[in-house]
Amino acid sequence: MSSKITKIAAALALTTSLISASAAFAEDTIKVGILHSLSGTMAISETTLKDAMLMLIDEQNKKGGLLGKKLEAVVVDPASDWPLFTEKARELIDVNKVSAVFGCWTSVSRKSVLPVFEELNSILFYPVQYEGEESQRNVFYTGAAPNQQAIPAVDYLMAEEGVERWVLAGTDYVYPRTTNKILEAYLKAKGVAEEDIMINYTPFGHSDWQTIVSDIKAFGEAGKKTAVVSTINGDANVPFYKELANQGIKAEDIPVVAFSVGEEELAGLDTAPLVGHLAAWNYFQSVESDANAEFIDAWHAFTKNDKRVTNDPMEAHYIGFNMWVKAVEAAGTTDSDAVIDALPGISVPNLTGGYSAMMPNHHITKPVLIGEIQDNGQFDVVYETAGLVPGDAWSDYLPDSAKLISDWRAPLSCGNFNTETKECGGKGN
Amino acid sequence: MTLLRALLVCLVTLVLSSAAVPPSMADDLQDTINALADGSLKDRAEKVDALLATGDPKVVPVLSQLADGNLYVRKADNRVFLTESAGKNFTLTDPVSGEVIPDINKRTLDKIKANNSLRRQIRDGLSLFALNSPDPAKRLEAAETIFKAQDASALPAIEARLAKEQDPEVSAFLEEARAGLVLSSDASESDKLAAIDVLREKGGRQVLSMLTAAAEKGEGAVRDAAERAVVAIERVLAIWEGVQNIWYGLSLGSVLLLASIGLAITFGVMGVINMAHGEMVMIGAYTTFTVQQVIQSTAPGLFDYSLLFAIPIAFLVAGAVGFVLERGIIRFLYGRPLETLLATWGVSLMLQQAVRTIFGPTNKEVSNPSWMSGALDLAGLSLTWNRIWIFFFALAVFGLLFLLLKRTPMGLQMRAVTQNRNMASSLGVRTPWVDAFTFALGSGIAGIAGVALSQIGNVSPNLGQSYIIDSFMVVVFGGVGNLWGTLIGALTLGVANKFLEPFAGAVLGKILVLVFIILFIQKRPRGLFALKGRAVEQ
């Protein structure tokens, strides 16, 4: 028995070392770490981001690299396993000596690697919309904070659809819970009564939506216009939307606005019965701009597949990567401290035809778009904020966070400065 | 807007009875239609109202195409066309003259966008047109839409139609729609009482909220009648809710049954702790996907029957994988449960990654055939067709498997080998082959389950993982080695889950069920239906 196990273990070790060794060591390159799960539950979303990063690095190399050197991607597979994220992050920084890391998807994976980046003083670009309530010196958040996604979406539904009753449905983990807490406080501040808000959580990968969908239907038949705000994550969305369609809930009656459903998620669905349901993002593939058309063409060429879709976190990596390139050029070095200081204030084009800037709180400015699902699996933009919305690390609608600000420029250099007590370190990290 | 509606209602009745439109009006119509393309989504609402107000039947296709996203404007001259996709190009139809222009490149056109509120406005507006449609089904739909929209200005149109309506079913719906509007208007007390009676007959949640509002606002006899009606409707709703919960429970139970029935063979009958069971389900689902792809590209006409082809193919594919697994790995590990567990778990990871490499990590779209989409409305219930089919399918699979085990020589041999291997062997049964085929059968059944489960959930490499725990739970709870136990266990767990969910929520409900099973196993370690006899002692 033991000899068999040893053999298996040896084989496993061999495969892992082969994977990480695939990026060959070479002199005079700048290494960029890619920390996205290529196996396990999150592979469905994160594999695409790995490909997007490889494409961006490839394109930068064609333009002549960075500081006269070639860029080199170091890809590791944390396998959707949170402790492994910590290990792989350490490996990237300590062993592979990467200059910056682009990665993570779930909040828990980001929280797992935070201490490593702090300890080893490296840089992480985090490309996914998240619950906010965090600002860390070594992390740059290129996805949306709640005020860049959830709040504008709710505003849109109130103003355009006249929604008075709200279902907040989410998967049971930190992002939906925090987002719903913020939304609940926001809705109550707007005068929505307690009994007009229904909050519902489901386990990861929930597949039997019959009861919940019929509850939503019953909740929506009370005579007031009702909408569902969905923070349902990943795999659970397909059965949720199928059940909605089968029970005949149309977007004209009860629209669902989702924060985790993009082009990639819709690829596994027949969207004809879902036309009109909404999603709030900072980018849609259907956005008409020259930068976007170029990006999509490059993506299709790189993946050799003209059916591959683009999505919001890919745009976040596009912005983050270009910001990093610009900051390194400005600093003239890839040294972490110099680049971290150079990043705030850097402004690069985004894919929606404008510019996004890195702010002192390490979040970026973005436009907020609301799109309606079309029968071809794409979104039609039906609303766009007038200007860019700056990301707010600490929500103004939670009493604990409202008084916190984040500013990583000297002399403040603090991620959670309490404006009342005038002290750094009010809450969180 | 309400004024416009009222105007429109009069016009609809007027125009529909009059004959053709004079040419000058046709030009106006063309301009009003072309104006749709200009401005933002917000301006479009007014233009839609203007079109509805013309009352011209020609605006019906324009507006419904706008709602469906098929209305385009030609960039060159800003003319608006109805379109139909023909391959890469569009066929354009002029909405006024009816002139058809084939083969137009999409790039020369711009789509006129609509959003939810616009679609709602169009739907409500067009329902007044449809009220006079010759097709009773359309009139029925229109009456329902009007009932839902609760727009008081529709009242004259309903009454006009009611006077002419011949179809009793449509009449009944129109009466209900009228009652709803009368109740919220300032009609006389007797009219309102009559309306309450009509609504009380109809029942349902929307009526409930209308009556509650009426009870709050009304006075005297109207209030009393409304309150009585509310109580009556609530009572009926409570009963239906109970029935609905039972059905949801049975439906969830049938899914559990499908997922675990293969395991009831490999784990229950053979005693192999088969962690790769979920992956057999996944292989079945991917087989369905592949079959649908092939059918779509070779014989799209057969698409509605794709599942019928997928079932035997999935059985064979998953069964073959199971066969290889048994011959290649598991047969060396009989009697060593811990190693079997580790080895099959390793196989499950390999199968997942293999599928990920071949098909990619993203979800695959497995479509529902038309006969599995939508819902069956039965009094106060809405039962979705896919769940109904899966329920009966699960029972059918169970029945067939049961017959196979009890009534065929192969089943006899399987039972003989599991009950007393040595005795079976000495009677000339080739036990290794029986093992292999039993395992293949269990895997094949799991593959069939995959065909059904692909209809309600994701088809992704992780599909199997979400079912494996539930499957083991069912088999252990029902009693290892007993098919009846699996059936009763699955249905019990399903119903228990669904009765807990409304009170405890989905997350806590699941935990409570798990705790219940743990306690139950403490009391009855062999599950619901314990296997008796000599096999147990071994």
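The model is predicted. Mean pLDDT is 88 for chain A and 85 for chain B. Across all chains, the disulfide count is 1. That disulfide joins Cys414(A) and Cys424(A).

**Confidence, chain A**

- In chain A, 93% of the residues score a pLDDT of at least 70.
- Among the elements of chain A, helix H1 (residues 2-21) has the lowest mean pLDDT, at 49.
- Strand S4 (residues 124-126) of chain A has the highest, at 97.
- The pLDDT is below 50 over residues 12-26 of chain A. Beyond near neighbours in sequence, this stretch has 10 contacts in the model.
- Where pLDDT is low, predicted coordinates should not be read in detail.

**Confidence, chain B**

- In chain B, 93% of the residues reach a pLDDT of 70 or more.
- Helix H21 (residues 534-537) has the lowest mean pLDDT among the elements of chain B, at 48.
- Helix H13 (residues 306-328) of chain B has the highest, at 95.
- Residues 10-21 of chain B stay under 50. The model gives this stretch 13 contacts beyond four places in sequence.

**Backbone geometry in chain A**

- The peptide bond between Ala410(A) and Pro411(A) is cis, with omega at about 5°.
- Pro411(A) sits in a loop of chain A.
- Ser80(A) is not a glycine, yet its phi is positive, at about 55°.
- The loop holding Ser80(A) runs between strand S2 (70-76) and helix H3 (82-95) of chain A.
- Is Ser80(A) buried or exposed? Ser80(A) is buried, because its relative accessible area of 12% is under the 20% cut-off.
- Lys304(A) also has a positive phi of about 55°, and it is not a glycine either.
- Lys304(A) lies in the loop between helix H10 (290-303) and helix H11 (312-331) of chain A.
- Lys304(A) counts as exposed, because its relative accessibility of 75% is over the 50% cut-off.

**The disulfide in chain A**

- The sulfur atoms of Cys414(A) and Cys424(A) are 1.9 Å apart.
- The link of Cys414(A) and Cys424(A) is right-handed, with 95° about the S-S bond.
- What does the pair tie together? Cys414(A) lies in strand S18 and Cys424(A) in strand S19 (residues 423-424) of chain A, so the link joins parts that are 10 residues apart in sequence.
- Cys414(A) is buried, at 0% relative accessible area.
- Cys424(A) is partly exposed, at 48%.

**Arg90(A) in chain A**

- Arg90(A) is part of helix H3 of chain A.
- Arg90(A) is partly exposed, with 32% relative accessibility.
- Leaving out residues up to four places away in sequence, Arg90(A) touches Val95(A), Val116(A), Glu119(A) and Leu120(A).
- Arg90(A) and Phe117(A) are 27 residues apart in sequence. Their C-alpha atoms are 8.1 Å apart in space.

**Ser471(B) in chain B**

- Ser471(B) lies in helix H19 (residues 463-478) of chain B.
- Ser471(B) is buried, because its relative accessibility of 0% is under the 20% cut-off.
- Setting aside neighbours within four places in sequence, Ser471(B) is in contact with Ala259(B), Ser260(B), Leu263(B) and His277(B).

**A helix pair in chain B**

- Helix H11 (residues 220-269) and helix H18 (residues 431-453) of chain B have axes that come within 7 Å.
- The two axes cross at roughly 170°. Angles over 145 degrees count as roughly antiparallel, so H11(B) and H18(B) are roughly antiparallel to each other.
- Residues on the H11(B) side of the contact include Val255(B), Leu258(B), Ala259(B), Ile261(B) and Gly262(B).
- On the H18(B) side, the partners include Thr438(B), Phe439(B), Gly442(B), Ser443(B) and Ile445(B).
- Ala259(B) is one of the H11(B) residues that meet H18(B), and Ala259(B) is also in contact with Ser471(B).

Key
Residues are numbered from 1 along each chain as its sequence is written. Chains are lettered from A and ligands numbered from 1 in the order in which they are written. This is a predicted model: local features need pLDDT of at least 70, side-chain atom pairs count only at pLDDT 80 or more; totals for chains, interfaces and linings use all residues. Side-chain values use heavy atoms; hydrogens and water are left out. pLDDT is the predictor's confidence in each residue, from 0 to 100. Helices (H or I, at least four residues) and strands (E, at least two) are DSSP runs, numbered from the N terminus. Contact means heavy atoms within 4.5 Å. Buried means under 20% relative accessible area, exposed over 50%, partly exposed in between (1.4 Å probe, protein chains only). A disulfide is a pair of cysteine sulfur atoms within 2.5 Å. Axes are lines fitted to C-alpha atoms, for helices over the stretch in contact, and angles run from 0 to 180 degrees between N-to-C directions. Angles under 35 degrees count as roughly parallel, over 145 as roughly antiparallel, 65 to 115 as roughly perpendicular and the rest as oblique.
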